[in-house]
Amino acid sequence: MRHHLLSRHRHRHFLHSTITRRHYATKYIAKITSTSPTGRSITAEVSPPQPPPSDARGYPIPRHHVICRAARLVQSRTSASSLTEYLSSLSPPLSPAEASEILKSLNCPRLAHTFFHFCPSISPNFRHDAYTYNRLILILSNSTLPDRFDLVRTLLADMEGSGTRGNISTVNLLIGFFGKSDDLNTCMELIKQWDLKMNCYTYKCLLQAYLRSRDAQEAFRVYNEMRRKGYKLDIFAYNMLLDALAKNDKVDQVYRVFEDMKRKHCEPDSYTYTIMIRMTGKIGKVDESIALFDEMITKGRSLNLVVYNTMIQALANGRMVDKVILLFSKMVERDCRPNEFTYSVILNVLGATGQLGKLDEVVEVSRKYMNKSIYAYLIRTLSELGYTSEAHRLFCNMWNFHDRGDRDAYMSMLESLCSSGKTTEAIDLLSKVHEKGINPDTIMYNAVFSALGKLKQISHLHDLYKKLKQDGLLPDIFTYNILIASFGRAGKVDEAVKVFEELENSNCKPDIVSYNSLINSLGKNGNLDGAHMRFKEMQEKGLCPDVVTYSTLIECFGKTEKVDMAYRLFDEMLAEGCCPNIVTYNILLDCLERSGRTAEAVDLYAKLKQQGLTPDSITYAILERLQSGSHRKVRVRRQHPITGWVQGWGLQSASTGP
């Protein structure tokens, strides 16, 4: 008994001593002493379990070995029971912080999403917090999953259902992820619902989200709210805002943001000045563009290709040709290589001001950068702008300057000469192609064939066709089709037929275009039987006539007073499922009007409207002829028989009645 009381007394004394000294200690050890019946004293020390390690803020440090083991189990696609068994055996249990680290370790967004929803099944006490939700939202926002937006919206619904309150980081992630007006409104509602306060980073996220969704006005509103709260943007956000406002022509707002930017001690960079120069040049304030450019140089900002191009564009907008060339010279002096945009701006301003003669100066200034591809671009651009003579002169300079020619430049020049009808120069150019190591091909010849055919220069066509064969080239299907159409256009039907027969005996086979060209040649030169025979022949060979085939034949029969045959072909066309276009209707309407078949023309016009086609000027000209035809005798005020419009005093055929 005495032993028991002594033990209790000593234990109480130890506890009292421990309690009174607790605020001084960082480690506690309990000591129990007792005496055995033999008189021997026994002492035992008992240490409490060590608390889990924590960081400087007092939060438990996640267990690294648990995170690695759990991540491996998830990634190996093991059964849920194995994962549950391991996680359930942990002491202390898996924490939300550790679950967040496991989510971070998984490289698959789908696996992360699955594991997130698996965690609550480990223990009834496990509960996701804002940090685990944030982690999964971040993972999904960085993924390319097609349903990632729906998955995040479902997570928000889960948070609401479980009563989990997000933090401002949650809102920031959501703003950056969604970036659309409707979802941004949801984010703003969450701030109120969770009683959060927006910080500077939240405003930046919101501003950039509105800019990404091209809503510059809302972005500017957010910017003004930031200014009122004393927040400022970084250079990247300022530039984004300036660029968006400038592209939306919000000139006053751009000036205001630019001045605010400088007052906030955020120095404009090269991109900032580029935005301002582009805007001022666009609105015609070239002097301001020059002042900004000079200020940029004074402050030591780097001058890159984009800056030079923007300034050259601004000067070009003001038609300052001399200053454009001067700046271009300085650009080249500073080893900034011009690109196609640079040259295109210069070409446009030289052409607009009638000073294309100064192009030689531009070429000379940039001689060290002038290669065959630049020459090709300049020649092609000049040709597209309609300056064929200047393009040809530049091409000749290139031709004399380089030992070898550039095929792209050559083709651009050849096509330009052909399109402008300069066939003599084109043929001459084609004959010199060998001189610069360029091998001629069928495409080059086809371009010249087409130009010669349109101008009906048959003798040149014959000569060039012989030369093609002398060069060892074989005509392709395009060559044959061009020749058939060209000979037919010039009334050389026999030669068109001869080329067609040559096509049939070659490695190429006639296509629909070949037959259409031959049918057109035969029909429009009076050989209707031959045209109809070729029409039947193409059907027998399995080629389906198209709208061009039918329209050609209908026109040929209609103009030879064989209107019934033309109408029969039109009905056949519809039966075969080939839809007529407005040209087809105009051809048949014209045939019916010329033959005096007014009622049928009215019915045909009704079909045209039913098909949803829009009448053009030719259609209305035919309708006008129908109403005011010479066969009409009686003047009456009546409704237009085709359009339904009430006209003035019209002429009515005596045979149709009032």
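Of the 658 residues in the chain, 44% are buried (under 20% relative accessible area, with exposed meaning over 50% and partly exposed in between, for a 1.4 Å probe and protein chains only). The model is predicted, and local features need pLDDT of at least 70 and side-chain atom pairs pLDDT 80 or more, whereas totals for chains, interfaces and linings use all residues. Residues are numbered from 1 along each chain as its sequence is written, and side-chain values use heavy atoms, without hydrogens and water.

The secondary structure comprises 34 helices and four strands, taken as DSSP runs numbered from the N terminus (H or I, at least four residues, for helices; E, at least two, for strands). The axes of helix H28 (residues 512–524) and helix H30 (residues 547–559) come within 10 Å and cross at roughly 5 degrees, which makes H28 roughly parallel to H30 (angles under 35 degrees count as roughly parallel), where axes are lines fitted to C-alpha atoms over the stretch in contact and angles run from 0 to 180 degrees between N-to-C directions. Residues of H28 that meet H30 include Ile512, Ile519 and Lys524, and their counterparts in H30 include Val548, Leu553 and Glu555, with contact defined as heavy atoms within 4.5 Å.

The structure holds zero disulfides, a disulfide being a pair of cysteine sulfur atoms within 2.5 Å. The sulfur of Cys200, a partly exposed residue with a relative accessible area of 22%, lies 9.7 Å from the closest cysteine sulfur, in Cys205, which is too far for a bond. Cys544 is likewise in no disulfide, the nearest cysteine sulfur, that of Cys578, being 9.3 Å away, and Cys544 counts as exposed at 57% relative accessibility.

How values were computed
Parallel < 35°, antiparallel > 145°, perpendicular 65-115°, else oblique.
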